[in-house]
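Please look over the sequence and the structure below. The paragraphs that follow go through a helix contact, the core and the disulfides.

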Amino acid sequence: MTTIKRQSASRDGSPLRMLALFLVLFMVVLYLALPSSYETVAMEKMFHGQNSTGVIRQGIRSVVALRREQLSHALKHLTDGGVPQRLRTLRDKHQVVGERLGEVKAGKETVEEILHGADMSHHLSSKPPMTLDEIVSYLDRWIHSLHEILGEYKTATFDQIWQAYHDLAVKTLFPWDQDYLSRMPPRREDGSVFLSLATYRDENCFNTIYNAYAKAKHPEKLFVGLTQQNCHKDCKSGVLANLSMVIVPPDDDCYAKFCETALGKPICVNKQVRVLNIDEPESLGPYAARYFTSKMWYGEEWFMQTDAHMTFATDWDAISIEMLKKAPSDKPVLSHYPPSHLIDLDKRKTTAASRLCGPVFATSDLESQIIRLEGAGNFDKKKLPQPGFAPFTAAGYFVAHSRFLSEVPFDPFLPWIFMGEEIIMSSRLWTAGYDIFSPTMSVVGHMYVRRHKPKFWESVHRAFTFGVHNPLQSLVLDRVKYQLGYPEAAKDFLRYKSVLTAVEKYSMGTARPLADYLHIVGLNMTTKEVDGNMRWCETGVPPPGFEQYNHLYPAASLERESIIQ
């Protein structure tokens, strides 16, 4: 795991620093012990003409006793609640960074070190889990607070916009997130499923929620977390064929629409759909929306993430869990790029699903050379009896046991990115000990083409100035590139070091080294090349280092025979 360590002098203290601290404490004690010049003059006047040294000494003792009483009262005042309520709340929630914010921006200290130093006991909380109402209310207030702050940055540069987000997140969202992670609700072993849906002005959202429940084998065990980003007034379409935008009606509330149906009404009454509503100008991109949605998980055994424009096969929930349990791993993740929404999934239950194998380094300057996943294909001629090993997770469909939410939590410092979420999640999961698999069959379909529909970066341009999104995204992507080992994103080379704030909390795991993962998936961060090491994925055999599972995959025997010949 990548860790930014503070200098030893900051934690243990050098002799020079200890001496300086001793002198400061000595002067404070001396000041408290001795009477002020005013008090000394007053005593001299009081005892003028009296040749009694004892009387003067008694007066000095009285002043010292008074000072001690004043100090004791002041300390008691602070301890017993004399601090203003707002400051006391921030202190109790570890939300005070103070004047050291500049050190965080410069990359000299991490927020974690400033807030807690070497004491890591805050990771274990005796407090009960936050309630769902508390979680959603906090996120709603935080998003509104951010929007009010960013309203003053209408003509700001991309780095000023990032810094405004960063400074608020450092003081509030990050400490809250750490508190949340230390108080997560216990996981139920009851077969329940949490479906994470993040939608941006998507007219397909209603159909996605409706069909998820209509096609589920156990709708009573299905709980949806919905982050709904809609336009409510002065709405515009996406960019049309003539490069113009037109005024359109406000977006439908897919949650309200679902709850009005005969299917949805009892589900909504049972509070199986949890909603965070975000106004279009407040949108922070798909990854941030998924971060918010992940916080609405509340103890369900299984976690599934999809987009909000999906179709479903009959019994998709039970089939997903069954496939996951058949994977030869203690910590499996199931993922791939689903087929088109036009496919009849129920007629393809005996057809092998696709596998996501091919990474590429983006060549466009707008994409910052981030790794994109493009090589999806139907490589298996027959449906496998168990899921096949795969190198990557896709954001549009992945399933895992919900314990990953505490081991590989979503990162609150990745706003405004559209690319990069899949490679960073894949690498973090693998290094945390999770094995990635492709499903044996497709249980969801995906609408890949949504021409002329609104895109979130268009909202960014309306909120600030046109063209600001791309450099803003590029700045934030340096956080992803730093974790993946891009040489140009090394800490010393980064201009905006605040992009690495608390990165050690949301980075690679410690179960397996990142270098092993990059070797298996064939990525060279220095040359920006993909080598030929991905043949294992396309032929359907376990990756290097996992040969003990060869007997489960018939293709492994054929691959060995071709090599021998």
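At what angle do helix α16 and helix α18 pack? Helix α16 (residues 421–431) and helix α18 (residues 469–484) pack at about 35°, with their axes 10 Å apart. The model is predicted: local features need pLDDT of at least 70 and side-chain atom pairs pLDDT 80 or more, while totals for chains, interfaces and linings use all residues. Residues are numbered from 1 along each chain as its sequence is written, and side-chain values use heavy atoms, with hydrogens and water left out. Helices are DSSP runs (H or I, at least four residues), as are strands (E, at least two), numbered from the N terminus. Axes are lines fitted to C-alpha atoms, for helices over the stretch in contact, and angles run from 0 to 180 degrees between N-to-C directions.

The largest nonpolar core has 135 residues, and Trp 142, Phe 292 and Phe 404 have the most contacts inside it. Such a core is a set of buried Ala, Val, Leu, Ile, Met, Phe, Trp, Tyr and Cys residues joined through side-chain atoms within 4.5 Å; buried means under 20% relative accessible area, exposed over 50%, partly exposed in between (1.4 Å probe, protein chains only).

There are four disulfides, each a pair of cysteine sulfur atoms within 2.5 Å. One of them joins Cys 205 to Cys 254, S to S 2.1 Å. Cys 205 lies in helix α10 (residues 205–214) and Cys 254 in helix α11 (residues 254–259), so this pair ties together parts 49 residues apart in sequence. Both Cys 205 and Cys 254 are buried. Cys 357 and Cys 537 form another, with sulfur atoms 1.9 Å apart.
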